[in-house]
Amino acid sequence: MQKIVVMGGTGFIGTGILKQLQRAGAPVYELVSISKSGGNVHDHLPNVRYLAADLMQAGAWQREVQSADWLINCIGILFPNPIKKTSYEQNSLLPGLRIIDAIKSSNTKLIFLNMNSAPFFLNQYAKTKNVIAEYAERQLNSRAINIYPGLVYDKSRNNTYYVGKSLNTFVNKIHWEWSDKLRPIPRYQLAEEIEKIINGEASELTHKI
């Protein structure tokens with residue numbers, strides 16, 4: 001049985017990944033979700049162990065990731081919010097680097113959700129992703145795997161679902177070079193591609209368009 005730790009497992013993308021990986025009856029994977037709050041117990045999925053952790057502090061989370069076969073990093077923010085005092089550095093970059101430092105002396109493999117292409121207003125978001133990815137490559141070598149989705153959408157989140165579905169239809173009809181780079185993807189399909197990687201299968205998401 002493979003142990004899989006999802007960092008940010010209570011968020012939109014992390015939850016989708018865990019839903020794909022969980023199984024009815026006897027578990028196929030040992031699943032662990034690590035997030036800042038641990039999530040609402042009423043939203044917890046069966047056969048998933050939830051852990052609240054401050055990644056800026058030493059703790060049990062480090063032992064969990066060091067003993068994992070796979071670590072999937074879904075932590076990060078799309079836009080900083082000065083009112084909530086969030087920033088790319090504090091909420092995306094530093095946690096990402098801490099995760100890599102925690103597993104560099106272990107055998108844990110990392111799947112990092114990078115970005116295929118960014119519009120101009122997400123340039124800083126993309127730069128932050130690239131800094132984390134480059135650090136992971138230096139520290140983990142072949143144990144670091146990047147995947148490159150575009151907009152991830154799902155019916156559970158209306159503000160992205162209709163935009164993502166419309167973009168997907170547009171991209172599949174047009175197939176221009178610039179439109180293909182948008183690479184919108186349903187959340188369930190993203191999760192399926194991640195499971196392929198975990199099981200040693202090829203995934204188109206490991207290649208940037």
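How do the residues of the lining of the largest pocket divide into nonpolar, polar and charged? In this predicted model, the lining comprises 26 nonpolar, 14 polar and five charged residues. The pocket itself has a volume of about 1,500 Å³, and 45 residues line it, with I13, G76, I77, L78 and Y125 lying nearest its centre. At least two lining residues come from each of α1 (12–21), β2 (29–35), α3, α4 and α5 (158–174).

The sheet of the model is open and is formed by six strands, which follow one another in the order β3-β2-β1-β4-β5-β6 with parallel pairing. Strands β3 (48–52) and β6 (144–147) form the edges, each pairing on one side only, and the twist from one strand to the next averages 20°. Within this sheet, β1 (residues 2–7) pairs with β2 in the parallel sense over six bridges, and K3 is found opposite E30 of β2.

Helices lie across these strands. Helix α3 lies across β1, β4 (70–73) and β5 (109–113), and runs at about 170° to β4, whereas helix α7 (residues 187–198) lies across β1, β2, β4, β5 and β6, running at about 160° to β5.

Helix α3 (residues 88–103) also meets helix α4 (residues 123–140), their axes coming within 10 Å and crossing at roughly 10°. Because angles under 35 degrees count as roughly parallel, α3 is described as roughly parallel to α4. Among the residues that make the contact are Y88, L93 and L97 of α3 and Y125, V131 and Y135 of α4. By class, the residues of this contact are eleven nonpolar, five polar and one charged.

Note on methods:
Residues are numbered from 1 along each chain as its sequence is written. This is a predicted model: local features need pLDDT of at least 70, side-chain atom pairs count only at pLDDT 80 or more; totals for chains, interfaces and linings use all residues. Side-chain values use heavy atoms; hydrogens and water are left out. Axes are lines fitted to C-alpha atoms, for helices over the stretch in contact, and angles run from 0 to 180 degrees between N-to-C directions. Helices (H or I, at least four residues) and strands (E, at least two) are DSSP runs, numbered from the N terminus. Angles under 35 degrees count as roughly parallel, over 145 as roughly antiparallel, 65 to 115 as roughly perpendicular and the rest as oblique. Contact means heavy atoms within 4.5 Å. Ala, Val, Leu, Ile, Met, Phe, Trp, Tyr, Cys and Pro count as nonpolar, Asp, Glu, Lys and Arg as charged, and the others, Gly among them, as polar. On a 1 Å grid over the protein atoms alone, a cavity is a set of points where a 1.4 Å probe fits but cannot get out, and a pocket is an open set with protein on both sides within 12 Å along at least five of seven lines; lining residues have an atom within 4 Å of a point. Grid points are joined across faces, edges and corners, and a volume is the space filled by probe spheres set on the points. Two strands pair if DSSP finds at least two bridges between them.
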